Amino acid sequence: MVAAAVTAPIWMRKARGDWPARFGKGERLAATHRPRVLVHAVSVGEVNALRTLVPMLAERVDVVVSVGTDTGIARARAIFSDVATVVRYPLDASWAVRRFLDRVRPDAVLLVELELWPNFIRACGSRRIPVGVINGRLSARSFKGYRKARFAVCSMFRSLAFAAVQDEQYAQRFEAMGVPASRVLVTGSMKWDIAGSGPDVHAEAEALASAMGIDLARPVVVAGSTGPGEEALLSAAVETAVGRDVKLVCAPRKPERFDEAAAAMPGCVRRSTGQQAKAGTSRFLLDTIGELRAAYALADVVVVGRSFFDMHGSDPIEPASLGKPVVIGPAVGDFTSVVATLEAGAGLVRADRGSIGRVISGLLADRAERDRLAKAAVACVRAQQGASARHAELAVGLVMGKVGNGVAGRSGSPSDVKKVGA
């Protein structure tokens, strides 16, 4: 209850509706002969990361996906309605959590990336519901915050049945927060698995270009997940370096910034209006949810946003998997491992605010270099895949009581699920 009160300014600001569900209310889920696994994803990014895992799990257990945000729950319902039940994750008040668990009745819980809430963890413990982390990540910024409150949160980390994390650095941080070394596994990132998966995106991309009036006979630069200041920066950089003949499509990371981004690109065509560009239009705003992948498929060059100012970066895996030359800025603190992996495979280009225009111009002028980057990026993505299958084995082992007391290692897994070695 204390945690809910302390964080009230945050969840009250973010909450948009569906208050009964936020308070844990809703229909009691029907009983099933199969064990039930609750997979919790915070928002759209984590939901998308589950695209490969949830269908795998659904073949073996009853899957419930819980999400906290409005955009995330809409996305989950759009992609998982055929294979899983999608529910709203409750506020972390003891009475809301109790209602939620009473009606969902999971046999095990998987938390995507992290998302530890004290009342929820405590309630699961009292009901003997094992909780594990999959796709675990703990950025330097988050780790610093957790360390400051270690006395209050370390018991939650210690209670985890396992933490299946993305890389060795994250593993060390989870251990430092109290997860026993025997329960920490390096299993990779599921985002490598979902990259390039799903139906062919080219028809969707062509439909998007037609609807917005994007002239594909001209070079197209797509800036995905942009943050404050980046639309203006990129618009000016592209115009200075290559002129207005190049089409720039910006897709802000947060919907609440759509109007601000439009103001930074005067005369842009907004996807949400349904209007088509007039001749000569060179600026486009993707102010919708769920179409970024299609936009990336249109690009001659992709710029990954939230990386040119102090915003800690965005995920470059999706455009890399589509075989696009990817450019990213210097601020990538939340995606250090992914960026380093792509850089090591020569599948990504770095730039800063001063050089971004020149880098884009150079890539647009050099088809051979774009092709080289694209091939290297795709090869790198394929080499990293497999985390979803590992997490599926861990989930089944957890719900069957086989994971949590076994011995884990950096390059292995609990003894009862040897096949999921990292």
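Reply: Let us begin with helix α13, where A203 and E206 are exposed and sit on the face turned away from the buried side; exposed means over 50% relative accessible area, buried under 20%, and partly exposed in between, with a 1.4 Å probe and protein chains only. This is a predicted model, in which local features need pLDDT of at least 70 and side-chain atom pairs count only at pLDDT 80 or more, while totals for chains, interfaces and linings use all residues. Residues are numbered from 1 along each chain as its sequence is written, and side-chain values use heavy atoms, with hydrogens and water left out.

Helix α13 spans residues 202-212, and its buried residues are A205, L208, A209 and M212. They lie on the same side of α13, because the arc they cover around the axis is only 95°, the arc being that of the directions from the helix axis to the C-beta atoms. An α-helix has 3.6 residues a turn, so residues three or four places apart point the same way. Helices (H or I, at least four residues) and strands (E, at least two) are DSSP runs, numbered from the N terminus.

What do the buried residues of α13 pack against? Their partners are β10, β11 (283-285) and α16 (292-298), where contact means heavy atoms within 4.5 Å. After α13 comes G213, which has a positive phi, near 80°.

Two of those partners, β10 and β11, belong to an open sheet of seven strands in the order β10-β11-β9-β8-β12-β13-β14, with parallel pairing; two strands pair if DSSP finds at least two bridges between them. Because β10 (269-270) and β14 (349-350) each have a single partner strand, they stand at the edges, and one side of each is left without a neighbour in the sheet.

Further along that order, β8 (residues 220-226) and β9 (residues 247-252) are joined in the parallel sense by six bridges, and G224 stands opposite A251 in β9. Strand β8 also pairs with β12 in the parallel sense, over four bridges, and there A223 has V303 of β12 as its bridge partner. From β12, V301 and V303 point one way while V302 and V304 point the other, and all are buried. In a regular strand the side chains alternate between the two faces of the sheet. Finally, β12 and β13 pair in the parallel sense over three bridges, with I328 in β13 as the bridge partner of V304.
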